[in-house]
Amino acid sequence: MKRFVKRWITRAVLSVSLVAATVSASYGEDKVVRIGYQKYGKLVLLKGRGSLEEKLRPLGYQVSWTEFPSGPPLLEALNVGSIDFGIAGETPPIFAQAAGAPLVYLAYDPPAPRGEAILVPKDSNLKSVADLRGKKVALNKGSNVHYLLVKALEHAGLKYTDIQPVFLAPADALAAFTRGSVDAWVIWDPYEAAAEASTGARILTDGTGLVANHQFYFSSKKFLAENAKAVDVVLEALNEADDWTKDHIDEVAAQLSPSVGLPAPVLATSLRRESYGIRPINDEVIASQQRIADTFVALGLLPKAITVSDLQRKQGS
């Protein structure tokens with residue numbers, strides 16, 4: 001099982017190398033909605049249904065799908081104009097905005113705090129977050145779990161400087177975690193569920209009571225300005241897929257298993273820790289994003305202060 005999970009994560013990370021080839025495909029004179037998705041999540045569910053293509057065809061659009069290993073490279077692709085629409089967690093868009101990415105917050109998923117966690121090996125002596133003082137903690141820099149770690153340490157009375165962060169992509173983090181090179185691993189689903197199943201990893205804490213773990217949907221400013229109707233159709237199709245999924249968890253897990261490359265029970269665990277009911281962006285969730293941005297500025301992890309509301313979709317646009 002461990003080798004199976006390692007191969008799956010490695011394939012997910014390597015898939016980003018296919019971006020250039022995928023987005024360069026020609027679709028004749030039809031307009032194209034270029035969507036960036038991750039190995040697992042709401043967009044991969046929509047892709048599997050094939051319903052978006054049907055909804056966009058009457059408007060004269062084709063759909064191009066490009067897979068990414070995580071939020072940061074997906075938003076970088078949006079930044080450079082390789083994709084038009086995508087999904088990422090709370091933290092990647094904050095770093096992307098600081099880097100000048102021309103993205104727009106469109107919609108979001110309700111909180112899913114159980115969908116990310118700090119894991120320790122099953123035989124670890126660590127029993128609480130406070131025990132992480134002086135320990136090596138693996139995480140993907142700039143991802144949602146970066147903020148979870150900061151808030152968990154704060155809640156335990158520790159500073160970020162009290163631990164040794166080890167910045168690793170999921171494939172490398174799994175390897176380090178398995179061989180004992182790090183003491184803990186902060187990770188999101190389905191990697192979280194896969195690690196629990198393959199290594200017996202224990203959850204030291206998840207995001208419950210600490211972070212919301214929102215997922216956000218984005219487009220580029222240019223694409224939204226020129227293709228607002230198509231954006232709304234994508235969001236409509238996502239909502240339909242989302243509504244169906246929440247009532248058919250086991251069926252969806254079985255359908256996803258071959259393409260995602262993880263056993264259906266692992267995916268079912270992840271799906272049950274997700275939230276459902278995609279919502280239009282609003283001032284409250286933007287304010288939550290601003291608090292995250294301000295936290296990273298205070299820690300010296302963000303190069304400059306940002307105003308998140310500058311990237312909020314405006315009514316009527």
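Student: Over how many bridges do strand 6 (residues 136–139) and strand 8 pair, and in the parallel or antiparallel sense?
Tutor: This is a predicted model, in which local features need pLDDT of at least 70 and side-chain atom pairs count only at pLDDT 80 or more, while totals for chains, interfaces and linings use all residues. Residues are numbered from 1 along each chain as its sequence is written, and side-chain values use heavy atoms, without hydrogens and water. Strands are DSSP runs of E with at least two residues, helices runs of H or I with at least four, both numbered from the N terminus, and two strands pair if DSSP finds at least two bridges between them. Strands 6 and 8 meet this with 2 bridges, in a sense that is parallel.

Student: Which residue stands opposite isoleucine 187 in strand 8?
Tutor: Strand 5 (residues 116–120) runs antiparallel to strand 8 and is joined to it by 4 bridges. Opposite isoleucine 187 stands alanine 117.

Student: Why is strand 8 (residues 184–188) largely enclosed by the rest of the structure?
Tutor: Ala184, Val186 and Trp188 point one way and Trp185 and Ile187 the other, and all are buried, that is, under 20% relative accessible area (1.4 Å probe, protein chains only; exposed is over 50%, partly exposed in between). Strand 8 is therefore largely enclosed, its buried residues numbering 5 of the 5.

Student: Within what arc do the buried residues of helix 12 (residues 249–260) fall?
Tutor: The buried residues are Ile249, Val252, Ala253, Leu256, Ser257 and Val260.
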